[in-house]
Amino acid sequence: MSEHKKIDAIEGKAGHPALCVLPEIEKEDEIFEIIWTLREEGTLTLEQIVQSCSIQECESIVKELARHGWIALKGQSVELLPKGEKRARELVRRHRLSLRMFYDLFALDGAEAEACKFEHILSPEVTDSVCTLLGHPPNSPDGKPIPRGECCAMFKQEMKPLVAPLADLVPGEQAKIVFITPGSHSRLDRLSAMGVVPGSIVKLHQKRPSYVIQLGETMVAVDKDITKEIFVKKV
Amino acid sequence: MHDHGSNDAERYRDSKLNKVLLIGNPNVGKSALFGLLTGKYVTVSNYPGTTVEVTYGNATLNKTRSLVIDTPGVNSLVPMSEDEKVTRDMLLTDRAGAVVQVADTKNLRRGLLITLQLAEMGVPFILDLNMDDEARSRGIMVDQDKLSQMLGIEVVKTVAIRRSGIDRLLKSIQHPRRSPAGVRYDDAMETGVRDISALLPEANISARSLALMILAGDESLKGWLHANLQDKMISKIEKIRQEVQSKFNNSLGYLINQRRLKKADEILSQVLSLHEAGKGSTIAFHIGRWSMHPIYGLPILAFVLYLVYQFVWVFGAGDAVGFLEETVFGEYLNPWATKIVTFVFPAPFIQELLIGDYGLITMALTYAIAIVLPIVGFFFIAFGILEDSGYLPRLAVMVNKVFKVMGLNGKAVLPMVLGLGCDTMATLTTRILETKKERILVTLLLALGVPCSAQLGVILGMVSGLSGLATTIWLGTIAGVMLLVGYLASKIIPGEPSDFVLELPPIRVPQLMNIFVKTLARVQWYLKEAVPLFMLGTFILFVGHKIGALAYIQNLTDPLVVGMLGLPSKAAEAFVIGFLRRDYGAAGLFMLAKGGMLDPTQIVVSLVVITLFVPCIANFFMMVKERGMKAALYMAAFIFPFAFAVGGALNWALRTLKIAL
């Protein structure tokens, strides 16, 4: 599958998880995710929700949610109430973490579909474990922020993360680049011309006085910040 | 030099000679190969409008008179820096007879990234796998026949520094071919490439490659586009680009590189085999490692500085200057000149102008050629060796953190070290820095606190007679002031610092020929750029002396110099002269000290002031040229009073605390 299609698949048609095939009970969840995503983009209105939604009875479900005190609805304006906020946050977190896992770690083409199924069955404990396993990633593969969980704040290290920022390696360790969180574009362009792309094997040469990484026979000195954006899996 | 450089470049560009363009990643041995191919005549010139050095050399290759061009190293032909742009532009606008891509065999993956771009451009070329010995010693073997077959071009192996494989290379140069190897990008990108290609004008390289550069967001192509296309078309192209980009979350440039690397990996998997590593040059490897070790790196740095000091200031400034000044000029040239001038020009005014106290021959030329030239020349040799050995980037690794305090990163150490040779040239070199903020900061710090080699020579001479404490105070004050000013200025000057991404080439033994070529080019620059300014400076002094302006300024600054700094009033002259040439000023102080007119405290105070003082007039002109009149004036307006203030404060502190030096 081409890069282009893969990303298309992640985003869905309008940039929202539209590919999910939804059992009755999960329709609300989709609407919560849409509300969250629209709010991030700053375009949250009732009309936008209906437009982005693939469910036919969307508007009536939204009104239902308002009646049950999940959200506040006033004309076009939509607002998440505390318990709705919590639910949406957890849902989005699970969804984006699942994407990260299927897309980067398992390199699955149908990441979106798998993630859709997965997000509904993750318990809070398992969610935190997945987050830790992936090294508390800040973004999902499409660049959207993953809401932080308790595990990120406490930075639990009981479970050794499978994927970690390059900055966390011990000097001399070698690892395979799994994903790079998009920092600045020019930074990525420059590094990719030196061979820093997912799939490359990278070695952390030293941390002091500056970070030095090694790719094949190429040694590059970089800022610490950059090594925090490169996520690797030990080999 | 600048203008001269572009004339050179233009002359070569127009020449009918068969052109051979050497292209490749940085540090793959292009220059060594260049040295081998070319013989008699070598010139290093600046590419029009840039400081990037492009080396041209004549050679007779396969019985054809040829012009070999050594281009700046590139990691991508979508330029990320000025030097990469020069190389790409040469491909874009010059039609070369042959392009030789030089690749480092052990880093073939990155080499192939360029190969694939040359293939896309549709340029006829050959691939030279250089440094085959280094690859072998690391157990890396490349099947060159297979690679040649896959790329559809001739592939040769060489070890340029040992001349091995050169005959085969020469033979191959006669048969450059277009490579059919290509990369297929995502459908959306391919559509974009097709749409953009249709709008592009005829060029030396394929429309497909140009379209890909545009997609990758190549800002540097704008100039060429505007010269060759109507604005309407350009905005149409830009629209297509944005449309394609909107379909992806990562930058197109990154995705294109990723695709190319994937293709490179496919090729590598078929031609590369890994074997047990041989012994190899492990000493060089360890030196490289130690030189950027947080602890061992420091003594190595001290040792390197000591060697440079011995070479430039003890041997160069001592022995070579002594010979040139005392013997060549003192005993022969100046007496002859005096005789000839007195004979030819009976008028005393002209005699004085040429051979008087501020004479153009006796002062300016003697000074420029006998004192400064050997010091600068020896410095350039030392700098060239440091550059080619691969030590400088490791120095950048060592000092990165300190430079971060000043809003810079380790890369800025390169112009700063060059500033110890010549601040004027270093100000020009600030162009290697990526952001405007960094360029302004380094220009300021160079002007403020980095003494040039000639000035340093005199300063070291004065310091050598002082106690260790005095030297430490001088050095500590300068370093502290630089850090403080850098820190504050980085808060005031708007803009972002750039990322520290610097490739570290392996430590290697420098090639003598290469050092020779570089030093020659830099000395040439010095003679053309700096010597006329020495003359001008001396002439201004001469006029100032004649009309009494010098004495007037001296009176004017007397209260400052005597009152605030506690120096004898004659020291004012040194500061005035110091603006014309920083080292002139230092030399003036040196004479005062030698004459016993300065006590140790006065020496330290005057040294601090003259070190911080505004750079010489040549450097100031360069600041105006590079940073603009306004910025240059601001800097000067800050530095003048600031130097005096620091000197005054130091004088007060030393006297109040009664520190005996």
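Q: Where do the domain bounds of chain A come from, and what are they?
A: Domain bounds come from an automatic or database domain assignment. Chain A splits into domain 1 (1–161) and domain 2 (163–234). The model is predicted: local features need pLDDT of at least 70, side-chain atom pairs count only at pLDDT 80 or more, and totals for chains, interfaces and linings use all residues. Residues are numbered from 1 along each chain as its sequence is written, while chains are lettered from A and ligands numbered from 1 in the order in which they are written.

Q: How many residues of the two domains are in contact?
A: Two residues are in contact if their C-beta atoms, placed from the backbone, lie within 7 Å. Ten residues of domain 1 of chain A touch eight residues of domain 2 of chain A. The domain 1 side has six nonpolar, three polar and one charged residues. Ala, Val, Leu, Ile, Met, Phe, Trp, Tyr, Cys and Pro count as nonpolar; Asp, Glu, Lys and Arg as charged; the others, Gly among them, as polar.

Q: What does the radius of gyration say about chain B?
A: It is taken over C-alpha atoms, and the globule rule is 2.2 Å times the number of residues to the power 0.38. For 661 residues, a compact globule would have a value near 26 Å; chain B has 28 Å, which agrees. Its C-alpha atoms fill a box of roughly 80 × 60 × 55 Å along the principal axes.

Q: Which elements of chain A give two or more residues to the side that touches chain B?
A: Helices (H or I, at least four residues) and strands (E, at least two) are DSSP runs, numbered from the N terminus. The contact takes 32 residues from chain A and 37 residues from chain B. On the chain A side, the elements are α1 (3–11), α9 (185–193) and β7 (218–222). The largest share, eight residues, comes from α9(A).

Q: How do strands pair across the two chains?
A: Two strands pair if DSSP finds at least two bridges between them. β7(A) and β10 (residues 501–504) of chain B pair in the antiparallel sense over four bridges. Val220(A) has Glu503(B) as its bridge partner. Met219(A) stands opposite Leu504(B).

Q: What is the strand order of the open sheet, and which strands stand at its edges?
A: Seven strands run β3(A)-β8(A)-β4(A)-β5(A)-β6(A)-β7(A)-β10(B), with antiparallel pairing. β3 (163–165) of chain A and β10 of chain B stand at the edges, each with a single partner strand, so one side of each is left without a neighbour in the sheet.
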